Amino acid sequence: MTERTLILVKPDGVARGLSGEVLRRVEAKGYTLVAVELRRATPELLADHYAEHVGKPFYDPLVEFMLSGPVLAVVAEGERVIEGFRVMAGTTDPTTAAPGSIRGDLARTWDLPVIHNIVHGSDSPESAEREIGIWFPGI
Ligand code: DAT
Ligand code: MG
């Protein structure tokens, strides 16, 4: 089924010059870019985006990290793109993320925190719709 997902290249990915690499992988897989915009998050936007994580121990460091620089916000479209991009991103912890995945190939944890995992991808159709509405209202 054709669907849309929200992808973010997080501040670490943008700062490391990996925006193009993430977009390259998404396009090379065969997904279509619907929207791409370099943005600055705000605490309010992140409280919406990460609503499920408000109050967790890693929430404050996560928000601080997400505010530390621009993020590349992307809407991508394709057959089962939500699930497909999650597999391309790899598991949350870059050390256990499979080689071949974005986090597995490009992120590490021996000198950086787990939250520096380069990308976000919506985890369900409900999340995708909600998150696209937050980052790209009216799309
Ligand atoms: P994902 O980004 O793989 O969907 P998530 O939604 O559970 O993971 O968490 C959002 C982000 O918060 C994640 O990319 C990195 C950070 N995070 C999650 N769990 C963490 C933990 N146990 N310690 C530190 N950071 C964590
Ligand atoms: Mg998540």
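Colour by secondary structure. The chain has 7 helices and 4 strands. Helices (H or I, at least four residues) and strands (E, at least two) are DSSP runs, numbered from the N terminus. Follow the sequence and the order reads β-α-α-β-α-α-β-α-α-β-α.

This is a predicted model: local features need pLDDT of at least 70, side-chain atom pairs count only at pLDDT 80 or more, and totals for chains, interfaces and linings use all residues. Residues are numbered from 1 along each chain as its sequence is written, chains are lettered from A and ligands numbered from 1 in the order in which they are written, and side-chain values use heavy atoms, leaving out hydrogens and water.

Zoom out to the C-alpha trace. Along its principal axes it spans about 35 × 35 × 25 Å. The radius of gyration is 14 Å, which agrees with the value near 14 Å for a compact globule of 139 residues. That radius is taken over C-alpha atoms, and the globule rule is 2.2 Å times the number of residues to the power 0.38.

Now select ligand 1. Which residues surround it? Show Lys-10, Tyr-50, His-53, Phe-58, Leu-62, Arg-86, Thr-92, Arg-103, Ile-115 and Asn-117; a residue counts as near if one of its heavy atoms lies within 4 Å.

Next, look at the polar contacts (pairs of N or O atoms within 3.5 Å). An oxygen atom of ligand 1 is 2.6 Å from a side-chain N or O atom of Thr-92. For Lys-10, the distance from a ligand oxygen to a side-chain N or O atom is 2.9 Å. For Asn-117, that distance is also 2.9 Å. The protein covers 74% of the 520 Å² of accessible area that ligand 1 has on its own (Shrake-Rupley method, 1.4 Å probe).

Finally, select Arg-80, in the loop between β3 (71–79) and α5 (81–89). Its phi is positive, about 50°, although Arg-80 is not a glycine. Move to Ile-118, in the loop between α6 (102–106) and β4 (119–121). Phi of Ile-118 is near 75°, again positive. Most residues other than glycine have a negative phi.

Key: Polar contact = N/O pair within 3.5 Å; in protein donor to acceptor, adjacent residues only side chain to side chain.
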